[in-house]
Amino acid sequence: MKTVEDVLNALDELTGGRVIKSLNDITRGEHPFVIMKSSNIPGKEIIETPGLVYGEMKNEVKKIAIAMTMTEGCIELAGATGVDAIVAHHPIAEAANSGGVILKNYLDLYHIAAFELHEAFHGLHPGIPFLHGHKVYRTEVSYGGVHGNILYVGKVLPEVNTLGDILTRLDNFMGLEDEEDLLHTEKEIRNISSMTETSTVTRGRIVCGEETSPVNNIVHIFPHTGFSPDHLRQVIQEHPEADTVLVSISRVYDGHPLIETAKELGLNFIIGNCHVLEILENGLPLAYALDILLPGVEVVVFRERVTSLSVREMGSPHLKKYAEQMATNYLLKKMAVKTL
């Protein structure tokens, strides 16, 4: 029999001892992966606490779900499919990751333990650079003194020669052709022309350069971590051999200062995988590792799919009528009374 404690020990083993062992790891301020995240928006800061967030150590675990971000959808799916523990990559926050209610009430309802890893998992494998076609020879996790500002500098793999090779490689590994087919089929079944889906609309693209542009040395950055144009200038001074800037997880759009800086420096600029695909980049290796470390425990992966639909195309005819009635007879009626 495997328990919540066994899962915690497995996470500690595969992260090389990065999970928290006691409250002292949090209160002393000495644990390198217990990190406060704050934009100084009142009441919205969070402390990352890698390891067990909630659950009883001795409870049995027969089934584990790996998720990128725990949501009420994850909790409901876990409850309906006999999942005993959710291991989320991203930090777990009260109410934000549990449908607006407190975690204890929701997780207790379905007897689910919850774990998080995030920064404690980052840097444990070279998979993201590998998927993007390069082997790293320099890694920074706090480039420019900014915590979490990750930088990779790498040499392309033998099979990668051009910018087009990178995009083809990503399409093949991520199965984006299947995602396009799935979206096309769903649009036909639902008769919804406006539908878009994250992984297809954010697929990789070349910003500076051509598909045939040669690639040798790559500066791989993540814009959402705080990587700035000045950081880019600095890293190119340190690595004049670099010819290509690759951004992934988050992306930048036309006119962004990072793109303009790359043009100024005469670099290729290519956009790789988006954040929604991290469940494949980081979540799947974690799932395989736990599957090996915890024999007898079933491991599944929760992959959320986000779509966008025009409001007038959303739902069945009955649901459309319901939504319009609720809006006009209640929500807008209250506003009309206030204006009188």
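Helices (H or I, at least four residues) and strands (E, at least two) are here DSSP runs, numbered from the N terminus, and an axis is a line fitted to C-alpha atoms, for helices over the stretch in contact, with angles running from 0 to 180 degrees between N-to-C directions. The structure is a predicted model, in which local features need pLDDT of at least 70 and side-chain atom pairs count only at pLDDT 80 or more, while totals for chains, interfaces and linings use all residues. Residues are numbered from 1 along each chain as its sequence is written, and side-chain values use heavy atoms, with hydrogens and water left out.

With these terms in hand, consider helix α3 (residues 72-80) and helix α4 (residues 103-110), whose axes come within 9 Å and cross at roughly 20°. The two helices are therefore roughly parallel to each other, a label for angles under 35 degrees, where over 145 counts as roughly antiparallel, 65 to 115 as roughly perpendicular and the rest as oblique. On the α3 side, Glu-72, Ile-75, Glu-76 and Gly-79 meet Tyr-106, Leu-107 and Tyr-110 of α4, where contact means heavy atoms within 4.5 Å. The residues of this contact comprise four nonpolar, one polar and two charged, with Ala, Val, Leu, Ile, Met, Phe, Trp, Tyr, Cys and Pro counted as nonpolar, Asp, Glu, Lys and Arg as charged, and the others, Gly among them, as polar.

Another pair is formed by helix α9 (residues 229-238) and helix α10 (residues 257-265), with axes that come within 9 Å and cross at roughly 30°. That angle makes α9 roughly parallel to α10, and the crossing of α9 with α10 is right-handed. From α9, the contact draws on Pro-229, Leu-232, Arg-233 and Ile-236, and from α10 on Pro-257, Leu-258, Thr-261, Ala-262, Glu-264 and Leu-265. Sorted by class, the contact of α9 with α10 holds seven nonpolar, one polar and two charged residues.

The cysteines come next. A disulfide is a covalent bond between the sulfur atoms of two cysteines, taken here as a pair of cysteine sulfur atoms within 2.5 Å, and a search of the whole structure finds zero of them. Cys-74 is in no disulfide, its nearest cysteine sulfur being that of Cys-274, 17 Å away, which is too far for a bond. Cys-74 is buried, with a relative accessible area of 3%, and Cys-274 is buried too, at 4%; buried means under 20% relative accessible area, exposed over 50%, and partly exposed in between (1.4 Å probe, protein chains only).

The loops remain to be visited. Glu-56 lies in the loop between β3 (51-54) and β4 (63-67) and is exposed, with a relative accessible area of 55%. Although Glu-56 and Val-4 are 52 residues apart along the chain, their C-alpha atoms are separated by 6.7 Å.

Most residues other than glycine have a negative phi. Ala-95, in the loop between β5 (85-88) and α4, has a positive phi near 70°, and Ala-95 is partly exposed, with a relative accessible area of 25%. His-111, which is not a glycine, has a positive phi of about 60°; this residue sits in the loop between α4 and β6 (113-116), and at 64% relative accessibility His-111 counts as exposed.

Technical notes: A crossing is left-handed if the near helix is turned anticlockwise from the far one by less than a right angle, and right-handed if clockwise.
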